[in-house]
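Here are some notes to read alongside the model. Please keep the structure open and find each residue as it comes up.

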Amino acid sequence: MVVRMLHRYWLKPVVFAACLLPMATLVWQAYSDQLGANPIEAITHHTGEWTLRFLLLTLLMTPLKRFSGWLWPVRLRRMLGLYAFFYASLHLATYLWLDQFFLWDEIWLDIIDRPFITVGMLAYLLLLPLALTSNRYMIRRLGKNWKRLHRLAYVVPALGVLHFWWLVKADILEPLVYGLLLAGLLLARLRKAPGR
Amino acid sequence: MLIRKSGRLTESDVTPVEIYRRRREFMKSGLMLAGAAVGAMLLPKHATGKLKLDEVTPGPFSSNEETTPRKDIISYNNFYEFGVDKSDPARHAHAMQTDPWSLRIQGEAETTGTFTLEDILKGRQLEERIYRMRCVEGWSMVIPWIGFPLADLVKRFQPTSKAKYLRFETLYDPEQMPGQRRNVLDWPYVEGLRMDEAMHPLTMLAVGLYGDVLPNQNGAPIRLVVPWKYGFKSIKSIVSIDFTATQPVTSWMRAGPAEYGFYSNVNPQVPHPRWSQKRERRIGELRKRKTLMFNGYAEQVASLYTGMDLVKNF
């Protein structure tokens, strides 16, 4: 009874608040001058990493439901996906504003010349329609196509991992870990859902 | 199997005799307390009186730009031997033992062998030089180094006519350098210079920073500083200098031959394959500034590369 109440009224608000913690950490660190010698780089890395984490968390929900039998993970999927979009937007805004100061010709050169930026931009562009069509109205309106469109949720984190991979200088450990987690999450789907 | 020296070093083992004697004179003259206090202020614990930092003179080529705050220089840098994060060196480098320290001089030179750091530094006039430092990652600093021209040291060993390059090595000791326990780079870290680059008056060996001995994370006890090249060329915690006839293969050349060349001169026209080098963020500044050819030292060093294709020889 209590558990059911908890799920019904508290699950979403609690998770919603928890997902803001990475943002709160950033604000606190900026306020208390703890972002280090290169704050803009610190903000870029922090928001980028959390984007990737939320993308993976979103993908975790369906297999979690399937293997555990719980229903609550599916109720969180959309929120987590939107948080991935939120942190991706902060990440992109940091790049456009703090890193490049809206020097559009430089930004354009980056996009066409630097594969890791090309891939990052592409990932954001593919994430954008998912965020815009995440409301009930669009789900109803798009019907079958909605599901098709939202398969991009598998593509976007893959591009995110690649974006990270191509950025690091020598130590690929971190992007490798994200890549393996992603592969695991995708495999978990393939094995259990042959009919989809 | 590593064979380690047994027994612990005591303070008297690492204190040069002359300092030790001077301390006794202080004691005799009844100034022990004052002497100890002054000594503690002038000589940080790890300096052990080797560096006479009060005799540092202002050197040539200094920039008049605002220097980067010391706390940023000592807390944000790359020293992969201690981890790949730029906060790792400050976190882990304190465990490195820099005293005693010696350098192996080998290869095409009249004088070779192993020399203690005291020997290397004996009789050298230390200078403070404020140099710009540009990292290949796109950030930069202005750093007040203390050191002496590398050329002075090279002359002492009388390289032969066969010596065309210098090959430097950083300490390899995974016990003290946790970053070396993973093969992120091919350890030990190797860097190199062409002989004329090494003999250039801008090129220096640094032993101090901001009026004090070099903190471990910045490459104690002795490091190279080549201000017109990307920061990774300025190898830290040097244990070996080898005079070679052929161009050394550096650690970064091995890690990414298409991305890191032997020269690695700062050049806004030649992008890193994955990012532009046109601009840089000076630490402490919000907006990026334009990167200058040879990091602003073109007047001094451009002639070293006359007629060379700098796109090919990146």
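1. What covers the buried residues of α7(B)? The model is a predicted one, and in it the cover includes the strands β2 (102-107), β5 (139-149), β8 (204-209) and β10 (223-225) of chain B. Helices α6 (117-121) and α8 (195-199) of chain B are also included in that cover.

2. The helix itself, α7 of chain B, runs over residues 150-157, and its buried residues are B:Leu150, B:Leu153, B:Val154 and B:Phe157. They lie on the same side of α7(B), because the arc they cover around the axis is only 100°. After the helix comes B:Gln158, which has a positive phi, near 50°.

3. B:Leu150 turns up again among the contacts of B:Leu224. Neighbours within four places in sequence aside, B:Leu224 also contacts B:Phe168, B:Glu191, B:Leu205, B:Ser234, B:Ile235 and B:Ile238.

4. The largest nonpolar core has 68 residues. Those that touch the most other members are B:Trp145, B:Leu205, B:Ala206, B:Val207 and B:Leu224. Another core, of 26 residues, lies apart from it; A:Cys19, A:Leu57, A:Ala84 and A:Leu90 are among its members.

5. B:Thr203 is 24 residues from B:Pro227 in sequence, and their C-alpha atoms are 7.3 Å apart. Not counting residues up to four places away in sequence, B:Pro227 touches B:Tyr131, B:Arg132, B:Met133, B:Leu202, B:Asn295 and B:Tyr297.

Definitions and conventions: Residues numbered from 1 in each chain as written. Chains lettered and ligands numbered in written order. Predicted model: local features only at pLDDT ≥ 70, side-chain atom pairs only at ≥ 80, totals over all residues. Buried ≥ 20, exposed ≤ 12 C-beta atoms within 10 Å, placed from the backbone. Helix = DSSP H or I, 4+ residues; strand = E, 2+ residues; numbered from the N terminus. Arc of directions from axis to C-beta. Contact = placed C-beta atoms within 7 Å. Core = buried A, V, L, I, M, F, W, Y, C linked by C-beta atoms within 7 Å.
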